[in-house]
Amino acid sequence: MFCQYVQKVWIILLMGFSSLSISGQNQYDIRFLTQNEPNNDSIMSVIVQIRSADTLSWELAGQNYRMYYDASNMDFVSATSLLGDQYQALKLIQNAAHIDASDTNGTLAFEEDLGFLNFTIDLLNLTEASISVPNDGTWLSTAELFFTSSRLSSSENAEACLVWARFEKTAAYATSFVDISSRVGSNKAETIEGLHYFDCLTNEIGSKTFLKARVYLQAALERGSELMEDKLRVQNYLPIEEPYGALIASKNNFHYEHFNNNWKEKTTSTVLEVSGVNAIVDWLFLELRNKENYNQVVATRSALLQRDGDVVDMDGISKVAFDVEPAFYYVCIRHRNHLGVMTNQPILLNESPDIIDFSKPSTPIYGENARKQIDDKMALWGGNADSNEYIVFQGGGVALPDTDIMFFDMLQDKNNVNQSLNFISKGYSASDVNMDGRLIYQGGNNDIDELIFYNIITHPKNMTLFTNFYKKEQIPKLDKEQ
């Protein structure tokens, strides 16, 4: 019966839409934004938001929203318009739950218990100016829906539980479009086209913005080359899961913050098997800071670093996603045994951000001598074996020498049964400051000479060649650390 209903309604819809012309001049993005209701964890508030998907702003007229939901895990409660008295109250056209659509050859994971909502919000008077849809990356909230649900807070790998209707995704279930029109003149509206539809995923709740960046690590950068070495990957030492959460938990001098990151980023063995230019060198730790106050962190997460310096997400290719609104942010890049850097000015991050190239001398960086110059490129200072904010060869005061933790890591290696000072400790360790998979404390090709001693002796501010000179990371402390 449902299939017959689908065919009839779909024919009607096709006939109805055939008379509409898509202007192509304007396009919209649409998304769900979900949150628990205050003092009621069993109720989920779902905000419907739209924005202009091109460079033009336009006035919002009629809207006909169509969506599907997982009726086995969610129950619809109510809905309301957020557009004020210029628009009619939200009108619920259809609310159908617990439909068995498993024989429709559709694409949704919850076809055996499908829920469907269709509601409208129309402009009351087309002759008067209506609400303008933002084209600056911000979102306009149009409606709020309420569900009882446990699905949205379940496993991060759960399938989408709220899905926008559109042709390529939901045509099998009868309705295929979210219809939005713009007011184009006195008493006239024109249907426009949806460009991006953001369904609700348990690991994509909230806003999204992206970072594109390029950075070099001094320890891995090949002289005379545009590439870094990936010796840790080649020896299978790179972890599948990000290493920074463990460093924070162990309080091993690690002064970074997992600010709003309640999960551990994890890649796959397939990603770490990629060789060549896009091979993974190591994990990085990223911070976005408040554009009005760079002492306040807004978001953090871990990411992957390719041999060519590209900073990428867990698939080893894509630009890095953050669950924050598109806006201007100070961007910090940190590494477990290099000193981090921060942009000198807030940078606009959105769905299509410009690349921030930390490897170029011309890229403005906060602080003084924040990066190490190698030939015509800039890299993060290497030699920070104890993962704090200093590189220290000898002496004390601000911090213990980095050589101390290298000594104890080598001496306490479980395989160094004779406690030999010439023992070579192998594996993934911050004390392996040249990132070749081997911690050599003394002797030939040791880790100390070039990455710690030489960095200190040749530092531009160490004019007297003091061996107890130290190099400090040029990132402002957080407010709570002042």
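F177 sits in the loop that runs between α2 (167–170) and β10. In this predicted model, the residue has a relative accessible area of 30%, so F177 counts as partly exposed. The C-alpha atoms of F177 and E193 are 9.4 Å apart in space, and the two residues are 16 apart in sequence.

## Overall make-up

The chain contains seven helices and 27 strands. Of its 482 residues, 52% are buried. The accessible surface comes to about 21,900 Å², and carbon and sulfur atoms account for 49% of that area.

Taking the contacts with a separation of 6 or more, 70% are between residues 24 or more positions apart.

## Nonpolar cores

The largest nonpolar core holds 62 residues, and L211, L286, V311, I333 and F358 have the most contacts inside it. Strand β14 (residues 280–290) supplies the largest share of this core, with seven residues.

Leaving aside neighbours within four places in sequence, F358 is in contact with A213, R214, V215, V331, I333, V341, T343, I365, R371 and M378. One of these, I333, is also listed with F358 among the core residues that have the most contacts.

## Helix α7

Helix α7 covers residues 448–457, and its buried residues are I448, L451, I452, N455, I456 and I457.

## Salt bridges

Side chains of opposite charge can pair when their charged atoms come close. The whole structure has 23 salt bridges. One of them joins R183 to E59, with the closest N and O atoms 2.7 Å apart. R183 belongs to strand β10 (residues 179–185) and E59 to strand β3 (residues 58–70), so this pair ties together parts that are 124 residues apart in sequence. The two partners fall on either side of the 20% limit for burial: R183 is buried at 17% relative accessible area, whereas E59 is partly exposed at 23%.

R233 and D230 also form a salt bridge, at 2.9 Å from N to O, and both residues are buried. In the bridge between D436 and R438, the closest N and O atoms are 3.7 Å apart. D436 is buried, with a relative accessibility of 12%, while R438 is partly exposed at 31%. Salt bridges also link E287, R289, R334 and E473 into a network.

## Aromatic pairs

The search of the whole structure gives 17 aromatic pairs. Y294 and Y366 make an edge-to-face pair, with 5.3 Å between ring centres and 65° between the planes. Y294 is in the loop between β14 and β15 (297–306), and Y366 is in the loop between β21 (356–357) and β22, so the pair ties together parts that are 72 residues apart in sequence. Both count as partly exposed: Y294 has a relative accessible area of 28%, and Y366 has 24%.

F407 and F408 form another pair. Their ring centres are 5.2 Å apart and their planes meet at 75°, so this pair is edge-to-face. F407 is partly exposed at 23% relative accessibility, and F408 is partly exposed at 42%. Elsewhere, F32, Y65, F119 and W164 form one aromatic cluster.

## Cysteines

How many disulfides are there? The count is zero, where a disulfide would need two cysteine sulfur atoms within 2.5 Å. C161 has a relative accessible area of 0% and is buried. C332 is likewise buried, at 0% relative accessibility.

Key
Residues numbered from 1 in each chain as written. Predicted model: local features only at pLDDT ≥ 70, side-chain atom pairs only at ≥ 80, totals over all residues. Heavy atoms only, no water. Buried < 20%, exposed > 50% of the residue type's maximum accessible area, 1.4 Å probe, protein only. Helix = DSSP H or I, 4+ residues; strand = E, 2+ residues; numbered from the N terminus. Salt bridge = Lys/Arg side-chain N within 4 Å of Asp/Glu carboxyl O. Contact = heavy atoms within 4.5 Å. Areas by Shrake-Rupley, 256 points an atom, 1.4 Å probe, with all protein chains shown as cover. Core = buried A, V, L, I, M, F, W, Y, C linked by side-chain atoms within 4.5 Å. Phe/Tyr/Trp six-rings, centres within 6.5 Å; stacked < 30°, edge-to-face > 60°.
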